[in-house]
Amino acid sequence: MREEYDIDSLNPRRNPYAKALNEEKTITLDDDVIDYFTKMSTEKKIPYQTLINLYLTDCIKNHRQLFISWE
């Protein structure tokens, strides 16, 4: 790196999206869930993990409720 670069002045603004950054977590998903989103990711050209996150975010925004019937 050149000595004349002043790294501190290159980007003095804070990242406005810093709070929205994802945090890496480990979850267990069934193979068919991964397969479903992997196939969709190929069609949409979006990484499957991003698609899963988008779907779950949509569930939150729309207050979707899971209805389970144990019969």
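Trainee: Where is the place of His63?

Mentor: His63 sits in the segment after α3; helices are DSSP runs of H or I with at least four residues, numbered from the N terminus. Please note that this is a predicted model, in which local features need pLDDT of at least 70, side-chain atom pairs count only at pLDDT 80 or more, and totals for chains, interfaces and linings use all residues. Residues are numbered from 1 along each chain as its sequence is written, and side-chain values use heavy atoms, with hydrogens and water left out.

Trainee: Is His63 buried or exposed?

Mentor: His63 counts as exposed, with a relative accessible area of 63%. Buried means under 20% relative accessible area, exposed over 50%, and partly exposed in between, with a 1.4 Å probe and protein chains only.

Trainee: And what is its phi?

Mentor: Phi of His63 is near 50 degrees, a positive value in a residue other than glycine. Lys45 also has a positive phi, near 60 degrees. Lys45 is in the loop between α2 and α3, and it is exposed because its relative accessibility is 74%.

Trainee: How many residues does α3 have?

Mentor: Helix α3 has 14 residues, 48-61, and reaches 20 Å from its first C-alpha to its last. That is close to the 20 Å expected at 1.5 Å a residue, where the expected span is 1.5 Å times one less than the number of residues.

Trainee: Which residues of α3 are buried?

Mentor: Leu51, Ile52 and Cys59 are buried in α3. They are on the same side of α3 because they cover an arc of only 100 degrees around the axis, taken from the directions from the helix axis to the C-beta atoms.

Trainee: What do the buried residues of α3 pack against?

Mentor: They pack against α2, residues 31-44, contact being heavy atoms within 4.5 Å. The face turned away from the buried side of α3 carries the exposed residues Gln49, Ile60 and Lys61.

Trainee: Changing topic, how many residues line the largest pocket?

Mentor: The largest pocket is lined by 14 residues, and Glu23, Lys25, Ile27, Gln49 and Asn53 lie nearest its centre. The largest share of the lining, 6 residues, comes from α3. A pocket is an open set of points on a 1 Å grid over the protein atoms alone, where a 1.4 Å probe fits, with protein on both sides within 12 Å along at least five of seven lines; lining residues have an atom within 4 Å of a point.

Terms used. Helix = DSSP H or I, 4+ residues; strand = E, 2+ residues; numbered from the N terminus.
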